[in-house]
Amino acid sequence: MTALITAVILIVTVVSTGLAAGKLVRRAAPALMHTPRLAVATLVGVLAVWLAGFAAFGPMLAWALAARTGFLPGNTGEVCQRCLAAANPLPADMAINAAIPAVILIALPVVLLIVMVLGGLRYKYQGHQQRAELESALRLGAYRTRLAGHSVTVIPHDDPTAFALSNRRWGIVVSTALLRLLNTEELGAVVAHEAAHVRQRHHLIIGLVQGVLAPLRWVPLVAAIRAAVPHYLEMAADNAARDENGTAVMASALLKIGEKGGPTVAQHAGGAVVLHAAGTDRIRHLVAPPDASRGIGPMAAMIFTTIIVSVSSMLVVLPYGQALLDGCLTL
């Protein structure tokens, strides 16, 4: 009976969290933005746990709905049935023969993994195409120099822009218009911001969140986290630049870029492969961050539901692991 209650809790929590927790992510922003790097780690952790709970649906449904292994020939089918029975924590009379082969239900987590990997590969391919287009544009008159202690690529462009590429060949990129717009201190702050992106491997995090999770973007929780993570990464880079150059200098640089910046070469050609230095919300966060207490309640609720999903999904996954260790696959 405990296993049955756990199964119900898992279904209700995973479904309700996937549909409604997007609002919690947005309402927790006042608390999360005070520690943006921790916020990114927390949101990625919430997603990982939710995906584990989502993947646990297949084995759990196999226990509850299927009594046949189906499709698998000979001894393989018998082994699958024995493994399924050895791992099943539900009462023996709870199984309902829904004529669904167990192998299909057990394969659901594998299908989910394959879909996510394909999403990541598609994002990587698109990023490669965008990067090639952008680097082709960068070769037109670009030159390398050192600014504020960092190696920087300078491009001739009328829009004041700065961005970072994961490719170390280009790394931090600034436009000639930006060099004319900012004073030495402000330019140092912008370069420190972009250097933080490269040093903290923000491109890798963006690729994981935007690429691997793209097939699940229809889930409100996934959509909210995919939208929030880039903002927190920008705030993390802002904090690093502020620590080096001071709040006033960093805010002044962002304000000038926001006022003068228009469509940039990076935004046209680079798409998601670049990380930009601009945004009025970030200026507000630097100068007058919101009261963190307003976001503590939603953040606590988000963490509480994550713990429930984590514990209940482990109660599904662990029996399978134990069955494997006990040798249920031995022919």
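In this predicted model, one cavity of 30 Å³ or more is present, a cavity being a set of points, on a 1 Å grid over the protein atoms alone, where a 1.4 Å probe fits but cannot get out. The largest cavity holds about 30 Å³ of space, the volume being the space filled by probe spheres set on the points, which are joined across faces, edges and corners. Its lining, defined by residues with an atom within 4 Å of a point, consists of Thr 17, Val 46, Val 49, Trp 50, Thr 305, Thr 306 and Val 309. Two or more of these residues come from each of α3 (36-55) and α15 (293-325), helices being DSSP runs (H or I, at least four residues) numbered from the N terminus. The lining comprises four nonpolar, three polar and no charged residues, where Ala, Val, Leu, Ile, Met, Phe, Trp, Tyr, Cys and Pro count as nonpolar, Asp, Glu, Lys and Arg as charged, and the others, Gly among them, as polar.

Residues are numbered from 1 along each chain as its sequence is written. Local features in this predicted model need pLDDT of at least 70, and side-chain atom pairs count only at pLDDT 80 or more, whereas totals for chains, interfaces and linings use all residues; side-chain values use heavy atoms, with hydrogens and water left out.

Helix α3 also packs against helix α7 (residues 108-138), their axes coming within 9 Å and crossing at roughly 135°; axes are lines fitted to C-alpha atoms, for helices over the stretch in contact, and angles run from 0 to 180 degrees between N-to-C directions. That angle makes α3 oblique to α7, given that angles under 35 degrees count as roughly parallel, over 145 as roughly antiparallel, 65 to 115 as roughly perpendicular and the rest as oblique. Leu 51, Phe 54 and Ala 55 of α3 meet Pro 109, Leu 112 and Met 116 of α7, contact meaning heavy atoms within 4.5 Å, and the residues involved are six nonpolar, no polar and no charged.

The axes of α7 and helix α10 (residues 202-212) come within 8 Å and cross at roughly 120°, and the two helices are therefore oblique to each other. Met 116, Gly 119, Gly 120 and Tyr 123 of α7 make this contact with Ile 206, Gly 207, Gln 210, Gly 211 and Val 212 of α10, a set divided into four nonpolar, five polar and no charged residues.

For helix α9 (residues 184-199) and helix α11 (residues 220-245), the axes come within 8 Å and cross at roughly 130°, so that this pair is likewise oblique.

Terms used
On a 1 Å grid over the protein atoms alone, a cavity is a set of points where a 1.4 Å probe fits but cannot get out, and a pocket is an open set with protein on both sides within 12 Å along at least five of seven lines; lining residues have an atom within 4 Å of a point.
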